There are 2 protein chains.
Amino acid sequence: MMSLETGDNDLAAVVTDKLHRARRAARACATLSPSEKNAALEAMAVQLWEQRTEIVAANDIDVAQARVQGQTETRIDRLILTEKRIQEMVEGLRQVQDLRDPMGDILEVIERPNGLVIHKIRVPMGVLAMIYESRPNVTVDAAGLAVKTGNAVVLRGGREALHSNVALVQALRQGLANAGVASDAIQLIDRTERESVDLLIRAKGLVDLAIPRGGAGLIERVTQRALVPVIETGVGNCHVYVDGEADPQMASRIVQNAKVQRPSVCNAMESLLVHQAIAATWVPSIAATLNTFGVELRVCERANAILEAAGVAGLRVATEEDFATEFLGLVLAVKVVDSAAEAMEHIATYGTKHTEAIVTENVQTAEAFLSTVDAAVVVHNASTRFTDGFEFGFGAEIGISTQKLHARGPMGLRELTSYKYVIRGVGQVRG
Amino acid sequence: MMSLETGDNDLAAVVTDKLHRARRAARACATLSPSEKNAALEAMAVQLWEQRTEIVAANDIDVAQARVQGQTETRIDRLILTEKRIQEMVEGLRQVQDLRDPMGDILEVIERPNGLVIHKIRVPMGVLAMIYESRPNVTVDAAGLAVKTGNAVVLRGGREALHSNVALVQALRQGLANAGVASDAIQLIDRTERESVDLLIRAKGLVDLAIPRGGAGLIERVTQRALVPVIETGVGNCHVYVDGEADPQMASRIVQNAKVQRPSVCNAMESLLVHQAIAATWVPSIAATLNTFGVELRVCERANAILEAAGVAGLRVATEEDFATEFLGLVLAVKVVDSAAEAMEHIATYGTKHTEAIVTENVQTAEAFLSTVDAAVVVHNASTRFTDGFEFGFGAEIGISTQKLHARGPMGLRELTSYKYVIRGVGQVRG
């Protein structure tokens, strides 16, 4: 185990102490039965509801501070906890109870000629570190998934939600204690200095997996500085490619959904690629539709010429940076391409390996796209918005991985597990 | 894609160019059929044998330099390539051909109520970076496993083996070209400045997985500085716990094998824990046995007292550091414990999560050990030396992972793969 270095001994002592407690609790949680874990989740749910008044009162402080700081209404809305939202958290913890417990699954049995029997079995990851921004529901979601999978979790939420998180974690830990489970399995780092993140992600031997959830800046910082294994989540510069042989109405429906149904999330479309064979008729029509939703288009020269010919003038010409940007809002970059191959080349250059979709009636073109494009999720004739743990039927989600190691795409319970090999012998030695 | 930063523009340009070439080749390799990949492996094997004279001549330069530098005979032996060793490499490439190609495996099919059909399918990782020390056979092993799994590989071997690696990679790339496969799928970084390692492990977007293989110093440096995903390999502070209810003869056989059969490797035993109930009789006997193999014991106070009573004096008392050390040689730390629980506590404190074994006839004690001890491989009544890809029946091995993310224990073909989700729809959008 590494010693943790920091300029602030007190902060380091606080974080290290919580990590050691989590480590010890993780060892105890690893051997809990499915029903013991579900009883703990139920006790957490009961306690959240029991303490809803205190939680809302604590949240009021965070919301008042956010208003003083002049935060946007969108951010304030994400922060607010009401009795109804606490009820949703309680229901979330009950839904997790209903999920199948994957722990102890036998993934493989190998019998060797020398008589050794090797079982590959699913085990908890150990200690998870969640590093996230504002939304306090992540606190409850992450704690619930950690308990269900026999892991301990160390939570480091954003400064804006500190009072809310303290109140939520107090209730969750009380729930664990009521169920006779080590309350140290849920830890909140209640210090919001940036250094507390560094201490978590550099705690080799104490943290088995760090998951950053938030903006590109947070994720970049965590991967830059981490010494522990990290799963990158979320940054989605997702494309829809509308092929020359697309059904135009299906293409419009999918593009509209992918862009406007919830533009602020990672699986929303950011760039639209259109085959030249269909562009002259279809681009003006989709531009008109998107215009009614207030979507700003940033268009390539060819799309611009088509739109000008159709009487739409004054659009901003897309720069290379536009094609590389995750707008997370009502902005869309548009490019006309000569072929599916050009579309795939564009995606290989600008994509973030999150979700990439093709709309076409040509099965061969579709299959080439699905097999060639390198992304967590590739989609034929459906919206990019389906990349989501619930939409996949996982019943829960801790994030969407955009890396290739360990977990790719929506991460549910199984993605919070590891495995070990158990060898049983009768005295075998190696020759 | 990040730009690569370095003080030496020329070196950065060389490494970046090779990474871009590997990236392009990886896209082509991802769609090769199993028989195309096997034809490439066969062509690599043929070409290695064809160029054996040039390879041995290049190796002679490395060996001569190692002698001038006064390297130990053990290290020189690991470096030497003879016609026989090249024959073994050729056979290794043929064995990889015989392994089942896991690419394209359908890992899961999910049918959703909205009619979406989601396939989870195995895909190559993309670009692998191997960073390793001296042994030139790693060059051929890694290239063979990469080609079999449809990955590209960028090799950064040790300075001592540079001429050998250049000759080997020249032959392997020629083999790929002869088989009509992009020779850029195998790249050698032939610059041995330390900075070339940094450039590889910081190339986010260009390298999908870095695997360091070598001493603890190399692995520490790579995990400290990497921005790309890394799998830690190899450091094994492995224990054997001889329980009070162990069969003494079986315990002796296992302990002897785990310590002396090949002491320089990561799955050799480094510490022996003995239950006090058996210690007084069994410790003197195993000490005598190990003495005949030249093993130096470093013993706890209680073991020392037992051995002194048996007439063995002057042993070094084990320090805390001894219990934390991977000796990789004929040294063994010995500790008498009061219980299996104390043994497990010791392992939790000093182990490196590689391989941990218990010897006992008590099945309950064994099962508690197997389920509680957190390591890649846990063993009942067999030697720690079985943690090995070939011994597991994987047919090949690129290293032994000691982390919990993605791959744990021996890594074969499957551990060099990722997966993606393929969604097929008929125009579905999210409500």
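Reader: Which residue stands opposite B:V379 in β13(B)?

Author: A:I423 stands opposite B:V379 in β13(B). Helices and strands here are DSSP runs, numbered from the N terminus (helices are H or I of at least four residues, strands are E of at least two). This is a predicted model, in which local features need pLDDT of at least 70 and side-chain atom pairs count only at pLDDT 80 or more, while totals for chains, interfaces and linings use all residues. Residues are numbered from 1 along each chain as its sequence is written, and chains are lettered from A and ligands numbered from 1 in the order in which they are written.

Reader: How many bridges join strand β16 of chain A to β13(B), and in which sense do the strands run?

Author: Two strands pair if DSSP finds at least two bridges between them. Here, β16 of chain A (residues 417-428) is joined to β13(B) by five bridges, and the strands run parallel. A:R424 has B:H380 as its bridge partner in β13(B).

Reader: Which strand of chain B is joined to β13(B)?

Author: Strand β12 of chain B (residues 355-359) runs parallel to β13(B), with four bridges between them. B:V377 in β13(B) is the bridge partner of B:T355.

Reader: What is the handedness of the unit made by β12(B), α15(B) and β13(B)?

Author: A crossover is right-handed if, with the strands pointing away from the viewer, the path from the first strand over the helix to the second runs clockwise. The β-α-β unit of β12(B), α15(B) and β13(B) is right-handed.

Reader: Where in chain A does the chain cross from β9(A) to β10(A), and through which helix?

Author: Strand β9 of chain A (residues 296-299) runs parallel to strand β11 of chain A (residues 331-337), joined by four bridges. The bridge partner of A:E296 in β11(A) is A:V331. β9(A) also pairs with strand β10 of chain A (residues 316-317), in the parallel sense and over two bridges. A:R298 has A:R316 as its bridge partner in β10(A). The path from β9(A) to β10(A) goes through helix α12 of chain A (residues 301-309), and this β-α-β crossover is right-handed.

Reader: Are the residues of β13(B) buried or exposed?

Author: A residue is buried if 20 or more other C-beta atoms lie within 10 Å of its own, exposed if 12 or fewer, and partly exposed in between, with C-beta atoms placed from the backbone. Six of the six residues of β13(B) are buried, so the strand is largely enclosed by the rest of the structure. B:N381 is found in this strand (residues 377-382), and B:N381 counts as buried because it has 22 C-beta neighbours inside 10 Å.

Reader: What is the phi of B:N381?

Author: Phi of B:N381 is near 55°, a positive value in a residue other than glycine. B:L328, not a glycine either, has a positive phi of about 55°. B:L328 lies in the loop between α13 (320-323) and β11 (331-337) of chain B, and counts as partly exposed because it has 16 C-beta neighbours inside 10 Å.

Reader: How many residues of chain B are in contact with chain A?

Author: Two residues are in contact if their C-beta atoms, placed from the backbone, lie within 7 Å. By that rule, 54 residues of chain B are in contact with 54 residues of chain A. On the chain B side, α9 (216-225), α10 (248-260), α15 (363-372), β13 and β16 (417-428) each supply at least two residues. β16(B) gives the most, with 11 residues. The side of chain B that touches chain A divides into 25 nonpolar, 19 polar and 10 charged residues. Ala, Val, Leu, Ile, Met, Phe, Trp, Tyr, Cys and Pro count as nonpolar, Asp, Glu, Lys and Arg as charged, and the others, Gly among them, as polar.

Reader: What rotation superposes chain B on chain A?

Author: Copies are superposed by least squares on the C-alpha atoms of residues with pLDDT of at least 70 in both. A rotation of 180° with 0.0 Å of shift along its axis superposes chain B on chain A, with RMSD 0.0 Å. The two copies are therefore related as by a two-fold rotation axis. In chain B, the C-alpha nearest the axis belongs to B:H406, 1.9 Å from it. The same surface serves both copies, as 100% of the contact residues of chain B recur in chain A.
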